[in-house]
Amino acid sequence: MSSDETRVQNAQEEAAQQRVVQINDEKAIACYANFCRVSGAPEEMIIDFGLNPQPVGIPTTPINISQRIVMNYYTAKRMLHALQMTLQRHEATFGVIEVDLQRRVRPSIIQQAQPVQPAPKNE
């Protein structure tokens with residue numbers, strides 16, 4: 001490959017990297033979910049989102065699924081990468097996110113159980 005061809009190829013690659021994908025989110029519907037279930041088939045992944053009204057313990061009422069996303073595995077892998085990058089940046093800024101409920105709750109219970117020591121009096 002000549003140097004001119006290499007320069008043209010590099011310029012094309014740089015132009016492709018600088019493209020901005022425009023997004024129109026006017027019709028997007030936002031919803032909150034504290035539950036998600038992932039299932040799949042050979043060609044696609046299915047992610048269900050819903051609201052669990054009883055997030056601690058085993059739910060006694062059915063969880064209503066409000067959103068279902070169906071995507072191919074290529075898109076799922078790109079989404080996984082984007083989520084990992086976003087979580088890494090968040091944890092670098094705000095600290096590690098503890099997903100184990102027992103580890104999140106237990107320290108506050110221990111602090112509540114310990115009596116507050118009165119400040120020493122100056123005599």
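Is aspartate 48 buried or exposed? I find aspartate 48 buried, because its relative accessibility is 1%; buried means under 20% relative accessible area, exposed over 50%, partly exposed in between, with a 1.4 Å probe and protein chains only.

The model is predicted: local features need pLDDT of at least 70, side-chain atom pairs count only at pLDDT 80 or more, and totals for chains, interfaces and linings use all residues. Residues are numbered from 1 along each chain as its sequence is written, and side-chain values use heavy atoms, with hydrogens and water left out.

I placed aspartate 48 in strand 2, residues 44-51 (strands are DSSP runs of E, at least two residues; helices are runs of H or I, at least four; both are numbered from the N terminus).

Next I checked its partners. The aspartate 48 side chain makes polar contacts with the side chains of arginine 37, at 2.4 Å, and arginine 68, at 2.5 Å (a pair of N or O atoms within 3.5 Å; within protein, one must be able to donate a hydrogen and the other to accept it, and residues adjacent in sequence count only if both atoms are side-chain atoms). Leaving out residues up to four places away in sequence, aspartate 48 also touches others, including Phe35, Ile65 and Gln67 (heavy atoms within 4.5 Å).

Then I turned to chain elements around the largest pocket. Which element gives the largest share of its lining? Helix 2 does, with four residues.
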